[in-house]
Amino acid sequence: MGKQLIIAEKPSVAQDIARALGGFRKEGDYYESEQYVLSSAIGHLLELAVPEEYEVKRGKWSFEHLPVIPPRFTLQPIDKTADRLKLLVRLIKRKDVDGLINACDAGREGELIFNYIVQHSGTKKPIKRLWLQSMTPEAIRAGFRSLREASELEGLRTAAVCRAESDWLVGINGTRAMTAFNSKTGGFHLTTVGRVQTPTLAIVVEREERIRRFRPRPYWEIEARFGGSQGEYSGRWFDEAFKRREDDEQATAYRIWDQAQAQAIRAACEGQGAQASEEVKPASQLSPLLYDLTSLQREANTRFGFSARTTLALAQALYEKHKVLTYPRTDARALPEDYLGTVRQVLGELPAQYAPYARTILEQGWVRPNKRIFNDAKVSDHFAIIPTGATPKALNELEWKLYDLVTRRFLAVFFPAAEYQVTTRITRVGEHAFKTEGRVLVNPGWLAVYGREAQPEGEEATNLPPLIPGERLQTLAVELKPGQTRPPARFTEATLLAAMEGAGKLVEDEELRAAMAGRGLGTPATRAQIIENLIAERYLVREGKELVPTAKAFSLITLLRGLGVEELTSPEMTGEWEYKLARMERGELTRDEFMAHIVALARDIVERARRYESDTVPGDFATLTTPCPRCGGVVKETYKKFACQSCDWSTWKIVAGRQFEVAEMEQLLREGRVGPLAGFRSRQGRPFEAVVRLNAEQLPEFEFEPTIADTEAAADLDRQESLGPCPKCGAGVYAHGNAYVCARSLGPDRSCDFRASRVILSQEVTPEQMRKLLTDGRTDLLDGFVSARTRRKFSAYLVRGADGKIGFEFDTRSPSRGRDGGRELGPHPADGQPVLLKKGRYGPYVSHGKVNATLPRDLPPEQVTLERALELLAAKSAEPPRASGRH
């Protein structure tokens with residue numbers, strides 16, 4: 001009888017299986033026993049690719065070759081894990097292996113990882129499915145005693161494949177179409193689009209639009225002070241007939257919009273007698289649920305300011321390196337129902353500072369069946385994040401903070417509810433009512449785990465004087481408190497993660513949020529990376545804890561709305577896709593139904609983008625009241641510009657990463673200047689503010705206030721010899737501080753912005769070389785440049801461009817070589833870092849930073865130009881992340 005090959009998703013799981021089943025000996029990267037061969041993937045080993053005969057060789061970024069709808073997909077090995085894939089294929093094809101056991105994670109991604117490996121190997125051997133909800137040795141052994149037929153999980157496999165293919169189709173076609181559209185007027189403007197990334201961006205942009213539209217409204221609140229024989233207390237006036245209206249979300253029962261009405265109420269109550277009644281009710285507050293990854297990221301962001309990516313990295317280290325937490329990439333907030341014994345064991349092994357709480361839980365018998373904590377129906381691929389009981393050693397400060405957060409939450413969930421006595425006192429002064437609310441902590445319950453044994457400070461009900469029935473109280477003082485409504489808060493990573501979980505709806509209630517999780521954006525494991533991708537693509541910037549959308553973000557969302565591509569701007573509709581995939585898992589929806597909709601969407605995105613020009617994109621665009629500064633014609637706003645309808649005058653809406661508002665452009669055209677305006681960003685990403693004025697050609701330009709240092713520097717240049725003519729204006733160029741500057745770039749009357757650093761990518765540019773650059777157009781060949789990202793040295797000439805900018809030129813006769821023999825093709829226009837041509841395991845490829853793109857088979861390496869390499873790299877960057885749960 002042959003052996004069964006067990007394939008787990010990651011090496012640590014393979015090791016756990018080997019220990020649980022016993023009898024294995026290790027053979028390099030796999031284990032073997034009398035009955036089994038056991039190995040694992042390392043996450044995803046293969047990614048989707050277009051079959052060679054359908055791949056577009058040139059012109060990927062033009063509408064001519066869109067949409068890309070291949071009749072089928074092929075699989076391409078991921079270079080860095082190719083050795084593991086070869087091992088698994090070899091094991092699958094062993095003659096003594098007559099069947100396979102899928103031991104990858106019990107969920108959609110695990111099914112996809114295994115399915116791709118089997119598809120790539122071409123095997124027809126029978127498959128069984130190990131379905132585990134927990135990793136205890138007994139649970140693993142029980143799972144092997146009740147292996148499932150692979151056919152039982154066909155819906156899950158189909159949903160996994162559809163998710164990967166739909167991400168590819170929407171990402172490739174959306175990105176190429178939007179890039180082609182934005183590049184119609186010249187240049188190459190990479191505009192990435194993703195099935196999950198773009199709706200997430202739409203959430204942030206919509207919030208920022210609400211903030212910009214917001215106009216504060218004044219309101220008044222009234223607070224009165226009352227006194228009786230037992231003491232004094234305060235109360236707030238409220239409207240007893242108040243009902244919340246959907247069209248006025250800022251209205252509350254305490255706010256009065258009319259100052260005269262507020263003053264009349266104060267006058268009616270001052271010095272008057274009052275009667276009070278109160279209601280005292282017991283109330284309880286359950287502990288929060290155990291953490292899944294998203295709730296842990298939210299809490300860590302709120303309490304410590306950790307980014308979602310930082311929290312994930314810390315949790316992963318605590319799981320893999322320190323082994324003190326369970327698997328972190330989970331969307332479950334419950335534990336398996338067979339985990340009571342394990343929980344008791346973990347409680348007995350926690351570090352000393354947690355021992356008093358753990359001991360209380362065990363002595364009181366609080367670890368017992370409870371569907372809020374132990375619930376198989378709420379456990380998916382993995383269960384909630386909890387400590388393992390292993391003693392934490394050598395944790396750094398950040399790791400310890402996260403470990404403490406998880407451990408205290410784990411302890412708190414077993415403690416009883418916190419109990420309060422809630423008091424609501426209504427004091428009446430004639431026809432007006434005042435409310436006093438507060439609560440007294442009676443039993444701390446789970447709050448004791450967080451050191452809150454007593455009443456928290458600041459809860460006024462603690463100090464309420466007793467109320468004597470029927471006593472006549474006196475109104476001692478009545479104060480009018482003016483206020484203004486505030487705009488909605490910007491998203492932090494914590495609130496954006498919550499919005500993604502609720503598909504755009506900020507749902508604070510934990511139970512309701514869990515019910516909506518199936519229609520959320522992304523998964524717990526991918527949401528952090530989605531946010532990081534938006535930042536990397538410069539759609540978002542971090543300002544403290546806040547996430548602020550850039551002008552590029554507004555431009556994309558404006559374009560998609562104008563084109564009517566609703567499904568890429570609607571979080572709810574994207575959440576609906578997740579719901580459909582869940583239905584497919586249950587066999588309630590077919591692959592053909594789902595993919596037909598995705599293919600139709602991909603075609604629709606392309607056709608809508610093809611149909612319009614940048615000045616014809618529909619939208620809520622303004623017609624300015626101020627005439628054209630050149631001819632007096634009508635100026636209209638379009639998708640990209642403000643443009644005169646009678647002459648060729650126009651100006652970009654976005655300048656230095658900031659978009660002009662209509663009112664700002666009106667003032668600029670009317671008065672010739674506007675500002676200072678904040679929110680501009682330099683090429684290095686640094687924010688700055690400036691006045692914007694119209695120049696002699698009636699086009700916007702920056703106007704900076706000169707500093708005293710600038711004035712002194714301009715005078716100092718008179719004592720130096722010029723190195724050569726400025727390539728922009730012809731004035732002299734001089735050494736000044738750490739740079740070479742144009743004489744007209746300093747002083748109160750500056751009119752030029754030419755400036756070149758004396759050190760470029762670690763290469764010193766001597767005055768002699770700068771003189772050659774200015775007079776001859778290029779320097780000698782300089783060999784001390786160091787790539788900012790790869791830290792590799794390279795040689796190049798500095799050359800003067802026609803626009804006065806300085807660029808690189810490479811010596812094509814003796815190209816520099818990377819450490820692996822790669823040839824430098826030239827600098828990438830985005831950052832000046834080298835683009836390399838290398839030899840890889842699967843053939844030649846081009847590389848820039850962390851992006852690699854394999855050469856098409858019909859493109860010989862010796863014919864690869866920098867332009868062709870940039871096209872290949874841009875196409876690779878625009879593809880949706882490989883089917884590893886990243887969107």
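1. Because the model is predicted, local features need pLDDT of at least 70 and side-chain atom pairs count only at pLDDT 80 or more, while totals for chains, interfaces and linings use all residues. Residues are numbered from 1 along each chain as its sequence is written, and side-chain values use heavy atoms, with hydrogens and water left out.

2. Helix 1 (residues 11-21) and helix 4 (residues 137-145) have axes that come within 9 Å and cross at roughly 85°, which makes helix 1 roughly perpendicular to helix 4 (a term for angles of 65 to 115 degrees). In contact there (heavy atoms within 4.5 Å) are D16, I17, A20 and L21 of helix 1 with P137, I140, R141 and F144 of helix 4. By class, this contact has six nonpolar, no polar and two charged residues.

3. Helix 8 (residues 293-304) has twelve residues, which at 1.5 Å a residue should span 16 Å, and this agrees with end C-alpha atoms that are 16 Å apart. Helix 8 is followed by G305, with a positive phi near 80°.

4. S121 lies in helix 3 (residues 108-121) and counts as buried, at 8% relative accessibility. The side chain of S121 reaches the backbone oxygen of V118 at 2.8 Å, and, leaving aside residues up to four places away in sequence, S121 touches V89, I92 and K93.

Terms used
Axes are lines fitted to C-alpha atoms, for helices over the stretch in contact, and angles run from 0 to 180 degrees between N-to-C directions. Helices (H or I, at least four residues) and strands (E, at least two) are DSSP runs, numbered from the N terminus. Angles under 35 degrees count as roughly parallel, over 145 as roughly antiparallel, 65 to 115 as roughly perpendicular and the rest as oblique. Ala, Val, Leu, Ile, Met, Phe, Trp, Tyr, Cys and Pro count as nonpolar, Asp, Glu, Lys and Arg as charged, and the others, Gly among them, as polar. The expected span of a helix is 1.5 Å times one less than its number of residues. Buried means under 20% relative accessible area, exposed over 50%, partly exposed in between (1.4 Å probe, protein chains only). A polar contact is a pair of N or O atoms within 3.5 Å; within protein, one must be able to donate a hydrogen and the other to accept it, and residues adjacent in sequence count only if both atoms are side-chain atoms.
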